[in-house]
Amino acid sequence: MISKDLQNALNDQINAELWSAYLYLSMSLDAESKTLNGIARWFFVQWMEEQDHARIFQKYMSERGAKVELKPIATVPKEWKNPLEMFKDALDHEVEVTAMIYDLVKMAASEGDFTTLSRLQWFIDEQVEEEKSAADIVTELERAGKDYSTIRDIDATLGQREYKKAGPLA
Ligand code: MG
């Protein structure tokens with residue numbers, strides 16, 4: 001059984017994952033409106049991945065007999081000054097998500113809920129990837145500065161990103 005406290009915390013995490021999805025969809029649409037179609041594609045894949053994250057928690061809770069509660073999703077920003085600002089925001093956000101996952105880990109550990117800990121391990125590993133991919137793109141964009149043709153090249157590369165269903169759902 002999942003404790004009431006953990007159930008509430010997991011429901012908050014589902015909301016946070018869906019908020020992340022919304023944030024990345026907003027970034028995708030902003031990039032699309034500025035003809036940065038590769039960046040738009042990259043964030044569109046990110047939006048799909050975040051929905052997978054929410055789904056993994058939902059499935060896990062159902063399997064353990066815990067009640068999923070869908071809460072309202074807060075408003076997200078809708079415009080960014082440039083791609084660098086966008087990816088810096090994405091990186092900051094992922095660092096926050098990592099901290100949230102760690103808090104869940106601490107709670108599950110303190111309750112001796114080893115099953116939840118086992119599920120959370122996938123998210124701990126996933127966050128390493130999430131932070132690294134955003135940080136790498138921030139580095140690239142900082143290097144590019146205002147050089148439009150380099151930004152165009154980065155945009156083209158990011159546009160090659162393919163969506164792959166998250167491991168636990170595959
Ligand atoms: Mg996520």
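In what order do the elements of the protein run from the N terminus on? They run α-α-α-α-α, and the protein has five helices and zero strands, where helices (H or I, at least four residues) and strands (E, at least two) are DSSP runs numbered from the N terminus. The radius of gyration, taken over C-alpha atoms, is 17 Å, close to the 15 Å that the globule rule (2.2 Å times the number of residues to the power 0.38) gives for 170 residues, so the protein is as compact as a globular protein of that length.

Before I go on, please keep in mind that this is a predicted model, in which local features need pLDDT of at least 70 and side-chain atom pairs count only at pLDDT 80 or more, while totals for chains, interfaces and linings use all residues. Residues are numbered from 1 along each chain as its sequence is written, and side-chain values use heavy atoms, with hydrogens and water left out.

As for the overall form, the C-alpha atoms fill a box of roughly 55 × 25 × 25 Å along the principal axes, and 45% of the 170 residues count as buried, meaning under 20% relative accessible area with a 1.4 Å probe, protein chains only. Among contacts (heavy atoms within 4.5 Å) between residues at least 6 apart in sequence, 83% join residues at least 24 apart.

Let me turn to helix α3, residues 83-111, whose 29 residues reach 42 Å from first C-alpha to last, close to the 42 Å expected at 1.5 Å a residue, that span being 1.5 Å times one less than the number of residues. At its start, a side-chain oxygen of Asn 82 comes within 3.2 Å of the backbone nitrogen of Leu 84, and just after α3, Gly 112 takes a positive phi of about 70 degrees.

Definitions and conventions: Polar contact = N/O pair within 3.5 Å; in protein donor to acceptor, adjacent residues only side chain to side chain. Buried < 20%, exposed > 50% of the residue type's maximum accessible area, 1.4 Å probe, protein only.
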